[in-house]
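Hi,

Here is the model I promised to pass on.

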Amino acid sequence: MTLTTLESIPGKKILEHFGLVQGSTIRAKHIGRDIMAGLKNIVGGELRGYTELLQESRQEAIHRMVEQARGMGANAVVNIRLGTASIAQGAAEIIAYGTAVRVE
Amino acid sequence: MLAQWFFTALALVLGVLWSQWRWKFYDRGQQQREARTRIVRLHTVGPGERQDVELAGQLLTASIVLAPDFIQMLLAGFQKIFGGRVTAYDGVLRRARTEALLRLKEQALALGSRQIFRLRFETTMIENSPGNKRGVVAVEFVAYGTALFGSESAH
């Protein structure tokens, strides 16, 4: 499965177009991470726990999108976009979406 | 009473000095990495008809959650009274953006790519609960794009 943010894959022709595929996940930080982050907020700097959490969620969202594309018989997802929204009480929704296609 | 004011002022001054020293240190690290990854070229557009890049490429995502320190939050609070440029948050966002880009470029270099196309940014504020100013306030910065492989001389 080829994943790209480009509209097409350089040097390859799109044979079939399957339309929109998406994957999303909502994650909340757990309390241990939250307490550490609270402490870190006094001295500032990177909140590593959050960075990892969101990065994991992003991978999962992308994975779900890929599964959906695979189910359609696609072998690539083009024009991928990512989005993050901070929703209530320290939870974040991560969404990945793109267009499933079959290339040569 | 006077002693109390004196110590508060002293703590504040020390805090500001510490904060500046701390971030200067952070910036220096970023500058060194910037120099090492300068070879990677970033494009917000696709490769178009270019012939010097090949292969399918690979999706790269890099992110960071960066929090301002206590002193910066205090300063930002003051600055918000007068409006205008909020320099305290300015720095946090700039550093987060730089860091996300550096990580992206380092990933590309590790894969042997020197070109990233269709680069996109994404910023999210992280608060304990939306609209509530207490608790953790940080900014998440995401940079993502497609690394393509091709000739090294490409611009």
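This is a predicted model: local features need pLDDT of at least 70, side-chain atom pairs count only at pLDDT 80 or more; totals for chains, interfaces and linings use all residues.

Residues are numbered from 1 along each chain as its sequence is written, chains are lettered from A and ligands numbered from 1 in the order in which they are written, and side-chain values use heavy atoms, with hydrogens and water left out.

Chain B has three helices and four strands (DSSP runs numbered from the N terminus: H or I of at least four residues, E of at least two). Their order from the N terminus is α-β-β-α-α-β-β. Of its 155 residues, 44% are buried (under 20% relative accessible area, 1.4 Å probe, protein chains only).

B:E122 sits in strand β3 of chain B, residues 115-126. B:E122 is buried but has no salt bridge (a Lys or Arg side-chain nitrogen within 4 Å of an Asp or Glu carboxyl oxygen). The nearest side chain of opposite charge, A:R58, is 7.9 Å away. A polar atom of the B:E122 side chain does lie 3.4 Å from the backbone nitrogen of A:T84.

Then there's a nonpolar surface patch of about 1,300 Å², with B:W18, B:F78 and A:I42 among its residues (nonpolar side chains with over 30% relative accessible area and no salt bridge, joined within 5 Å). Its largest share, six residues, comes from α2(B).

Cheers

How values were computed. Buried means under 20% relative accessible area, exposed over 50%, partly exposed in between (1.4 Å probe, protein chains only). Lys and Arg count as positive and Asp and Glu as negative; His and the chain ends are not counted. A polar contact is a pair of N or O atoms within 3.5 Å; within protein, one must be able to donate a hydrogen and the other to accept it, and residues adjacent in sequence count only if both atoms are side-chain atoms. Patches are made of residues with over 30% relative accessible area and no salt bridge: like charges are joined within 9 Å, nonpolar side chains (Val, Leu, Ile, Met, Phe, Trp, Tyr) within 5 Å. Accessible areas come from the Shrake-Rupley method with a 1.4 Å probe; for residues, only the protein chains shown count as cover.
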